[in-house]
Amino acid sequence: MKDLRDMWEIGGLIEDQNKDKVADRVNIWCDLNGEIYPEGFIDFCARLGFETASLSFDFLQKNNRYSNQLSFVKDDEDTSVEWKRNHLLVHYQNEEEVSTLLRFLAGSWHRNFITGDTPVQKIKLNENKIIIELQDGGIQVAPVEPLNTAVSEKTYEVGSLTEIWNELGFMHDEKASPTNNHNVIFLTEDSLEHHSWIEIYYGAARIGMESTTLRFPITGINLSNALKFYFKSDESKNANIQLDGNVIQFTGESKSLTNAISYFFRERYWSFGGHFGCWERQFKKSDNQDESLFQVTWEDEGERQELYNKIAEWNSSMKDKKDLDLNIFISESSVIRKDIKKDIVNTFPQARVSVRSAFKPGYFWLTEEVLPNLLEIRKQIGSVIINCLKEERGDGLELPIRWIQELYPVDEVMAQELQIDSSFIDFKLCETLDLDATYEVIVKDLHGHPLYKDHILIPVSKVPYVEEGKYSYPVTACLSVYEGEKQIFQHFFLTDRERFYTFYKEHILSKLWEKADRSSENSGFLRPLFDRIEINVEMSEEELKLPVKEERISSLEALHEDIYFNTLDYFLIKGEQTVGKGYTAPGGIYPIIRVKEGVKPKAEITAYKWLDTTREPVLTEQLLFTNEQRTPAEVKYRVGKEQGLVKEEVSGHVHLEEIPEDLPRPMKAKFHTWIADYSYRHKPIYVYEIFANTKESYYSAIKLTANKPTVLIETGHHANEVSSMPAVAELMDEITEQYSSILKNVNLVIIPRANPDGTELHNRMIADNPEWKHHAARYNAVGLEYSDVRYKDTIFGEGNVVPKIMNRWAPDVVIDNHGVPSHEWTQPFAGYHIPPRFHMSYWIPNSMIYGIARMLNEKRYPGHAVVLDRITHGIQQKVKQSSNIQDMNHYWRERYKKYGNQFMPKLFPIELMEELIFYKWTTETDASSTSAISKFPEWVSADLISEAADETVYGNALEICKEGQKRFNLGAIEWINNDLQEVHRNYDAEGIRVERSRPLKAAVDSN
Ligand SMILES: [Zn+2]
């Protein structure tokens, strides 16, 4: 430091070690020689802390980490500070005067306090004047302002000592904000001993660091509405910290008092691994005990048995017939269908028997019956046209293209076998077909001459949907017998899936509704109607992995999805009918389905009761200290506002859960971690924080973000969308190793697994079926979309994580990493297509990765529009650099076009932005919203969602999805340039303020 002008600048008494232009430590050690403990030095330390975003409690002792030194020098004539070769000499005549000078330096002094730029050598207190001595011999005089007694509007109503320091930082308001403004007073008595003073000075520094506006002076006055720290040494052996309205009183005999002060200002909140407030943690546990609502078992003879019974019945009268064709549809795997065929041929050796699949029958017909014929003429094939009947039943949920959908992805499978390009195989949607058929295949040679022709008629049944008046027409089981061309017998019967689904819909859903707990107006919205229903099903069905990407044929995966979503829809409708608003949170729906070849279908269903619990706030009023122990020996608190005071002895140790083994975490990046809350099933939810590394013990999130933009990335919100969690841990390492300059520009806050209960449920489901989508595991343990309970008083801790981060960090950009299915999503009992609640098709992916942005009104928020433009461009650039992802995006887009978009562009939309799909959701501002940009438009600049085709993906597909998520996140971050962001400082009656302009400033696009 050249002179006193730069005292509070980087390079002065504070330093920027990591060169990100944000001060990250003090750079002076202060020699408190034991003779003087000026009150005004509290102000000085508070300012020292205010000017940095991180610090350690080691600057009040000799320390060669720091380049500068402060010494108090007794002087009979002079009260001044003087700068001499890295030495700040504080001359004092008496404590009162030096306090006045120190308060002036802390509260009023800054680089531009005086005009001109001549270096300042010395600042002196002379009666009521401040004499500023310049290096050129000049002098400027400023009056000592009377102590600032202007009443600040800021008031404090402290309910608990742990509101002062907690996971948010220091005394955050309930409402999130990028500012943390304070009006704090320290009241001290002379009798305090050396160590107490040191701890008070450190405390003031930490409060300064945590504030973005701090009112000065902190000492020498008493303001009624300020937050007051009152320190008094008395005779009582044990020391107390007592909360009394807006006053925190520290009293006691010297040693125990020092323990109390030290604990209060040094200790970290328990969720950061500290001791402070650890007695409150137990109250956050909830014992989730089970209470059954009902249990039902179901068994059925099954479709195969019914077929055999029917054949036996029919057989006796038809024994002498010749020239018979037996045509069967049944929902079984090809292995079982072959067995069935064998059994029937044994009975009717004279008959021709075909046993076809009643799930995706068109696909199986083409691959099992048509394809072998085509292989023989493969070299002559010029085109394969598959005419598909348009679905037109008025009361059916099926899309017009339903029969095309049911073929998916047959073009690729056939093309592989025929060794042609899949574009040679095309679908036509036909109003009618000439023959009584559902499909007709026409193969032509290279000259357009017909080579091959065949057709098939598919049997369907009519199954009511959960919404009255709506139906689905799933493929059903059927036995048809022909004698020559003449049908002589036909019997439709239900597939095993229809049997179970019908039972579930008719008997279980109504039972569940009867038993639902609708006692509160929040029931079915912010708390469930039942805890969960576990639906254990065993069935013999097709389970086939296809040689196309992640595609598979799995009729039970489809049943799983039907059970889950149709139950949701059932309650949505029940809510509309009974309370005028669809229930969105009925409870956890756990279809646990096992594919067992050859078994008769059976199920066991158990529903569990919702046991309503609440989390009572814990209000800590007093901490008691002995002189032996530096943590409190006893605490007094209230559980809930109405309750009496509880006394509890506290252990000196606190044990915080280790980061679980299965939680993705970076290997190389240096990060800070804390537990933001516990899930409903009491699993800790961690937050990782990564920013330009500092070596200090304390850092302030709100001060970091006041100086530099912050990006929040949430991963694994929906637990079956699996790629973002491992991706973000890798991204943290990549940023550390390859893109370290990013941390010069942004702070990153990461939720590495937002939904641990969902993940647990997902793990349970993939144990049986490792490749299914498992939408049922997307929400929390009781099936609640927990973003609905954000910013609300809730026992679902998973809903509190984002609000806490919004309050602690006030992020500029919020990214929520999501996913969509990686393969076909079909629900035969909801019209084959995905549930009718979705207004856009997720039946097959439209892209490997795409984006969604919430967009504010461009006219009212033009700055946000610029940011969004930059971000989407940044993401696009980043994604484009990976040819793997580009190829996959292109692949999926073409598939989406071929099967959906070309026929129904509205339901299968494609909104391209420079090659990448980016949907923009128009968003209104709304203080009660749970989305960041809608709730906090003044300071949130962008609110984005990524969608990778990652539902339960594994292996190579998982790797590509991770790459997509990483590039999406990186692209959204990399364009941010800290140099463009304007950080303002202000010095007025409200205090000293540091604030960064919002929304983010973006460079003019150079590309
Ligand atoms: Zn999602």
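Trainee: Which residues coordinate the zinc ion?

Mentor: His-718 (ND1), Glu-721 (OE), Glu-721 (OE) and His-818 (ND1), at 2.0 to 2.4 Å. Keep in mind that this is a predicted model, where local features need pLDDT of at least 70, side-chain atom pairs count only at pLDDT 80 or more, and totals for chains, interfaces and linings use all residues. Residues are numbered from 1 along each chain as its sequence is written, and side-chain values use heavy atoms, with hydrogens and water left out.

Trainee: What makes those atoms donors?

Mentor: Donors are N, O and S atoms within 2.8 Å of the metal (3.2 Å for Na, K and Ca), and water is not among the atoms, so sites may look incomplete. These sit at 2.0 to 2.4 Å, so they count.

Trainee: Why is the site of the zinc ion called irregular?

Mentor: Its four donor atoms make angles of 57 to 152°. Four donors are tetrahedral if all angles lie between 85 and 135 degrees; four are square planar and six octahedral if opposite donors are over 155 degrees apart and all others between 65 and 115; anything else is irregular.

Trainee: How are the donor residues spaced in sequence?

Mentor: As H-x2-E-x96-H. Glu-721 lies in the loop between strand S41 (710–714) and helix H14 (724–737), and His-818 in strand S43 (residues 813–820), so the pair ties together parts that are 97 residues apart in sequence. Helices (H or I, at least four residues) and strands (E, at least two) are DSSP runs, numbered from the N terminus.

Trainee: Why are Glu-721 and His-818 called buried?

Mentor: Buried means under 20% relative accessible area, exposed over 50%, partly exposed in between (1.4 Å probe, protein chains only). Glu-721 has 5%, so it's buried. His-818 has 8%, so it's buried too.

Trainee: How do you know that S15 and S49 pair?

Mentor: Two strands pair if DSSP finds at least two bridges between them. Strand S15 (residues 213–214) and strand S49 (residues 991–996) have two, in the antiparallel sense, so they qualify. In S49, Leu-214 has Ile-992 as its bridge partner.

Trainee: What is the order of the strands in that open sheet?

Mentor: S13-S15-S49-S48, with mixed pairing. Strand S13 (181–182) and strand S48 (983–988) are at the edges, each with a single partner strand, so one side of each is left without a neighbour in the sheet.
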